[in-house]
Amino acid sequence: MFGRSRSWVGGGHGKAARSIHSLDHLKYMYHILTKNTTVTDHNRNLLVETIRSITEILIWGDQNDSSVFDFFLEKNMFVFFLNILRQKSGRYVCVQLLQTLNILFENISHETSLYYLLSNNYVNSIIVHKFDFSDEEIMAYYISFLKTLSLKLNNHTVHFFYNEHTNDFALYTEAIKFFNHPESMVRIAVRTITLNVYKVDNQPMLHYIRDKTAVPYFSNLVWFIGSHVIELDNCVQTDEEHRNRGKLSDLVAEHLDHLHYLNDILIINCEFLNDVLTDHLLNRLFLPLYVYSLVNQDKGGERPKISLQVSLYLLSQVFLIIHYAPLVNSLAEVILNGDLSVFSSKVEQDIQKNSAKSSIRCFIKPTETLERSLEINKQKGKKRMQKRPNYKNVGEEDEEERGSEDNQDDLDKSKGTEASSKGIRTSSENEEIEMVIMERCKLSELSISAVTEQNTTDEEKSAAASGSEITNWNRPFLDMVYNALDCPEDDYYALFVLCLLYAMSHNKGLDSVKLERIQLPAQHAEERNSYNHVLAERLIRIMNYAAQPDGKIRLATLELGCLLLKQLVFSKNGRIIKSVHLHCLEGAREESVHLLRRFYKGEEIFLDMFEDEYRSMTMKPMNVEYLMMDASILLPPTGTPLTGIDFVKRLPCGDVERTRRAIRVFFMLRSLSLHLQGEPETQLPLTREGDLIKADDVLDLNNSDLIACTVITKDGGQVQRFLAVDIYQMSLVEPDIARLGWGVVKFAGLLQDMQVTGVEDDSRALNIIIHKPASSPHSKPFPILQATFIFADHIRCIIAKQRLAKGRIQARRTKMQRIAALLDLPVQPSTEVMGFGHSSGAAAQHLPFRFYDQSRRGSSDPTVQRSVFASVDKVPGFAVAQCINQHSASPLSSPSPSSGSGSTGRCDSVTASSTSTPSAAQSPAVRSGRKGRRRVFSLSEADSHGGHWV
């Protein structure tokens with residue numbers, strides 16, 4: 001019988017195999033189960049294959065035949081699965097059974113079928129079965145099975161898992177026991193399960209979670225997170241040589257996962273769960289461990305502490321990720337306006353408040369493990385079936401239970417662990433339990449309002465004004481923030497403080513009133529007329545340090561400081577920065593100009609670095625969220641690239657990186673200065689996309705020097721094109737079939753990014769490679785054109801090579817002159833290159849003719865120099881102009897007999913044309929259009945526009 005069954009289940013041939021998905025086959029599987037109720041070594045494989053086959057039939061029946069589930073329910077076949085599991089038949093059967101059950105519940109789509117499977121409570125019996133969780137495979141399939149079940153939870157199916165009469169919720173309580181499992185995938189699955197449970201809007205179930213599981217689970221979770229934080233801090237303290245960054249990155253990623261999980265719970269917006277979680281986070285983790293460590297770096301105390309940089313780093317992550325208003329407002333209140341009294345008890349206060357303060361605001365380990373706490377609460381639930389605890393009396397029940405067993409000291413200790421979410425406030429009128437954090441908020445609000453009545457100005461304004469009365473209100477955490485921004489030596493702590501201020505100002509849940517007390521505007525702040533002078537001065541000082549030759553300010557710190565300063569001094573009605581601060585900022589910008597002058601060189605590498613850095617800065621602006629995910633910034637700033645740390649997050653190493661840093665500092669401070677003065681950027685970038693010729697542009701090529709060639713691409717393609725050279729580009733065009741003398745651009749590339757080499761075996765051919773501008777200095781150049789150009793003869797080949805080589809030299813020289821003008825350096829007059837020359841007056845005063853300064857001037861500006869074309873025998877392009885003096889002709893120009901001889905009639909001609917154009921009236925027009933939109937440049941219009949494209 002066993003041999004025939006194996007053949008059938010295993011997919012044997014014949015009629016039986018063809019009807020494997022059917023009710024009859026399910027009946028046969030049932031027959032096998034009835035004959036093999038006891039698991040032995042002989043029938044183990046058969047039972048596993050039978051269970052798999054039953055699962056396949058059930059999934060098929062869910063979609064095709066409802067009678068399958070009727071038979072499954074009628075014969076109570078699920079009990080066979082449970083009996084096999086209870087026989088301790090070995091890991092092989094357990095793994096296969098969990099795997100098939102997981103597949104079954106994943107693929108069931110109809111609710112009726114799901115109800116069939118969940119009925120009779122067999123699934124809960126499997127959930128509470130004592131598996132061997134030391135086996136990784138069993139653990140993986142078990143937690144995956146629980147996660148699959150949690151995905152099926154809704155208001156209807158939750159009743160199959162939560163038993164209101166027995167006060168039991170096995171799916172949830174069994175899952176959270178693995179919240180601190182050493183395997184990260186198991187912890188992630190537990191978080192998914194809990195979130196799926198919290199999303200179900202079933203009040204009895206949620207009340208059970210709040211009353212019986214919330215306090216022990218959240219207290220143990222907070223302790224687990226804090227333990228990870230202390231381990232992270234130890235890793236930072238012992239890894240100054242950057243040798244253990246892998247472990248540090250894992251710990252940072254784990255903390256980020258915890259914060260995202262906590263935020264996911266809070267945004268579900270289950271009010272009473274949020275109250276418990278908020279209280280535990282504030283009073284057991286954020287305040288006693290993160291905030292307390294900001295000003296108390298003495299490791300000898302009783303309280304656990306972490307280093308300052310780790311504290312700032314983690315608080316920045318908290319404000320970047322969590323936006324739950326009660327939590328972030330309470331946390332910001334302590335940081336911006338609180339003092340150390342929030343951690344200490346006062347004699348004159350009420351004994352209950354004294355006890356609550358001393359026990360709650362401390363990072364301590366729960367007295368019971370989560371599993372033990374759940375077991376105790378489960379026993380309590382069985383004893384008190386007649387008295388269901390609710391939110392109003394849960395604290396009293398805990399107090400009564402503990403009071404009968406422990407002394408008063410143990411009672412105070414247990415309140416800090418199991419009942420820390422309920423702050424006790426006794427009075428003759430009201431004995432209702434309220435949240436401690438709500439009480440703290442009210443107390444701090446009253447204290448702040450009292451101080452505000454006494455002193456209506458900011459701490460910064462009162463300190464800046466002479467003779468002002470110093471207030472007694474002490475804010476050590478805020479003082480630490482300001483002190484850390486004074487960083488003449490290094491920016492180790494300043495970067496974290498800037499990230500914290502940025503995160504707080506961009507937190508959507510934070511009340512803008514709290515930020516306005518220190519005049520730190522929120523992201524969408526309303527109109528205002530003043531700003532924080534102390535903070536602005538500290539930020540400008542950071543910029544000044546960054547512009548020094550020996551500055552230790554990293555680029556990330558400088559960019560973040562620029563972002564905060566813009567936010568600080570801009571309001572809805574415009575900029576509100578004072579002139580003294582603007583002048584200080586201009587001084588920092590001047591320092592950056594002087595710094596860059598030290599690295600200015602006529603070498604080609606400087607131009608490439610200049611354009612690459614500008615491109616990198618504009619394409620990849622600062623993302624603070626990503627910055628605070630990088631664990632490397634927790635370690636002391638290093639200057640070696642061997643660590644693999646991004647350039648903007650470390651100090652420069654060598655002359656090349658110092659040059660790059662000086663360029664980036666110049667860009668940042670120039671952009672900030674122009675922004676604060678309300679002026680547009682007119683000089684950068686050096687090459688603008690709108691001024692370049694692009695593919696599919698239609699150009700007037702009459703009287704232009706073109707060379708016919710055959711282009712053979714790397715993949716073997718071969719096309720006929722005409723090569724034309726402009727001042728900054730080379731173009732490949734083909735004739736426009738609609739208009740004689742016009743051409744359509746098929747490719748255009750920058751001359752400065754081109755490499756031209758000859759072909760050894762063919763004097764008529766050139767190898768040309770044009771690279772795409774790199775997105776970052778470390779990226780590998782990507783060729784946008786890599787082809788062999790074959791010309792009619794070696795003379796045309798030599799001429800093309802000369803034009804391309806001289807064009808590349810001229811393009812780079814022109815851009816270097818524009819950089820020199822940006823740095824207020826004297827512009828060297830360029831000598832005649834490829835037929836393009838300057839008059840002595842225009843060369844030193846104006847930038848190259850095709851770019852932007854002159855094109856923005858009006859026609860009435862007397863300083864505009866008019867441009868005309870030089871002779872086409874010396875000009876290698878079809879749209880190249882020469883800047884000449886109005887009253888003197890260029891020595892390179894020769895008189896033209898008439899304007900009628902404008903067109904040569906030969907596009908591939910290599911003979912020199914003897915005509916030139918001394919005046920606009922005698923010259924032909926050069927026109928270009930782009931897909932119906934024509935860009936026109938004529939010499940008559942050149943007179944009125946300064947010789948530029950319009």
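The following legends describe close-up views of a predicted model.

**View 1. The buried face of helix α5.** Helix α5 spans residues 67-74 and contains the buried residues V68, F69, F71 and F72. Seen down the helix axis, the buried residues of α5 fall within an arc of 160 degrees, so they line one face of the helix. An α-helix has 3.6 residues a turn, so residues three or four places apart point the same way. The partners against which the buried residues of α5 pack are α3 (23-35), α4 (44-64), α6 (78-86) and α8 (111-118). After α5 comes N76, which has a positive phi, near 55 degrees.

View 2. S316 belongs to helix α16, which covers residues 308-321. The relative accessible area of S316 is 0%, and buried residues are those under 20%; S316 is therefore buried. With neighbours within four places in sequence left aside, the residues in contact with S316 are F496, C499, L500, A503 and M628.

**View 3. Y290 and F610 in the largest nonpolar core.** The largest nonpolar core has 220 residues, and Y290 and F610 touch the most other members. The most residues in this core come from helix α13 (residues 203-237), which gives 16. Another core, of 23 residues, lies apart from the largest one; L723, A787, C797 and L804 are among its members.

**View 4. Contacts of F610.** When residues up to four places away in sequence are not counted, F610 touches L596, I663, F666 and F667, and also L684, L686, I819 and L822. F610 is, together with Y290, one of the residues that touch the most other members of the largest nonpolar core.

**View 5. The hairpin of strands β6 and β7.** Strand β6 (residues 707-713) runs antiparallel to strand β7 (residues 718-725), and six bridges join the two. Within this pairing, V719 in β7 stands opposite V711. Four residues lie between the two strands of the hairpin, and in the turn G716 has a positive phi of about 95 degrees.

**View 6. The hairpin of strands β7 and β8.** Strand β7 is also joined to strand β8 (residues 729-735), by four bridges, and these two strands run antiparallel. F722 has V733 in β8 as its bridge partner. The hairpin formed by β7 and β8 has three residues between its strands. L723, which is one of the residues of the 23-residue core, lies within the range of β7, residues 718-725.

How values were computed:
Residues are numbered from 1 along each chain as its sequence is written. This is a predicted model: local features need pLDDT of at least 70, side-chain atom pairs count only at pLDDT 80 or more; totals for chains, interfaces and linings use all residues. Side-chain values use heavy atoms; hydrogens and water are left out. Buried means under 20% relative accessible area, exposed over 50%, partly exposed in between (1.4 Å probe, protein chains only). The arc is that of the directions from the helix axis to the C-beta atoms. Contact means heavy atoms within 4.5 Å. A nonpolar core is a set of buried Ala, Val, Leu, Ile, Met, Phe, Trp, Tyr and Cys residues joined through side-chain atoms within 4.5 Å. Two strands pair if DSSP finds at least two bridges between them.
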